[in-house]
Amino acid sequence: MSYLYLACLLGGIVCMLLLDLRFRLFFWKSPASAALVTLAGVTFLLLWDAAGIATGIFLRGDATIASGIVLAPEMPLEEPVFLLFLVLCAMILYTGATRLLGKWTRKTDDETPPEPEIT
């Protein structure tokens, strides 16, 4: 039994939250809506996993770096933590990209020379 994978996932979540804190992209911009989006995303992905497990598509392997703790048949402890990391990563990348593209669009609009007047 090892907790290496779980520790890496938790470390990744902490790093994503620190990045979010630095640039105020998701949780530190709007905590209530970010919590709602995160909860909805993790819930959807857990239901997706449950459907995959029920149909026999998703199986738990014998990873030596995993804890071995199982929450449900074929659902290791690390899965909901991974899904939380996935949702956080996706939302922080999305909000960061949106902010960068918004700044880039405003900058190019400001640099466009005015059209000449026709008299």
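This is a predicted model: local features need pLDDT of at least 70, side-chain atom pairs count only at pLDDT 80 or more; totals for chains, interfaces and linings use all residues.
User: At what angle do α2 and α3 cross?
Analyst: The axes of α2 (residues 31-54) and α3 (residues 78-111) cross at roughly 130° and come within 9 Å. Helices are DSSP runs of H or I with at least four residues, strands are runs of E with at least two, and both are numbered from the N terminus. Axes are lines fitted to C-alpha atoms, for helices over the stretch in contact, and angles run from 0 to 180 degrees between N-to-C directions.

User: Which residues make that contact?
Analyst: From α2, they are Val-37, Thr-38, Gly-41, Val-42, Leu-45, Leu-46 and Asp-49. From α3, they are Glu-79, Pro-80, Leu-83, Leu-84, Leu-86, Val-87 and Met-91. Contact means heavy atoms within 4.5 Å.

User: What about buried residues in α2?
Analyst: Ala-34, Thr-38, Gly-41, Val-42, Asp-49 and Gly-52 are buried, meaning under 20% relative accessible area, with over 50% exposed and partly exposed in between (1.4 Å probe, protein chains only). The buried residues of α2 pack against β2 and α3.

User: And which are buried in α3?
Analyst: Glu-78, Val-81, Leu-83, Val-87, Leu-88, Ile-92, Thr-95 and Gly-96. The buried residues of α3 pack against α1 (4-23), α2 and β2 (75-76).

User: How far does α3 reach, end to end?
Analyst: Its 34 residues reach 49 Å from first C-alpha to last, close to the 50 Å expected at 1.5 Å a residue. The expected span is 1.5 Å times one less than the number of residues.

User: Switching to Leu-19. Where is it found?
Analyst: Leu-19 is in helix α1, and Leu-19 is partly exposed at a relative accessible area of 37%. Leu-19 and Ile-92 are 73 residues apart in sequence, and their C-alpha atoms are 8.3 Å apart in space.

User: Last one, Ser-67. Buried or exposed?
Analyst: Ser-67 counts as buried, because its relative accessibility is 2%. Ser-67 sits in the loop between α2 and β1 (70-72).

User: What does Ser-67 touch?
Analyst: Leaving aside residues up to four places away in sequence, Ser-67 touches Met-1, Ser-2, Tyr-3, Leu-77 and Glu-78.

Notes
Residues are numbered from 1 along each chain as its sequence is written. Side-chain values use heavy atoms; hydrogens and water are left out.
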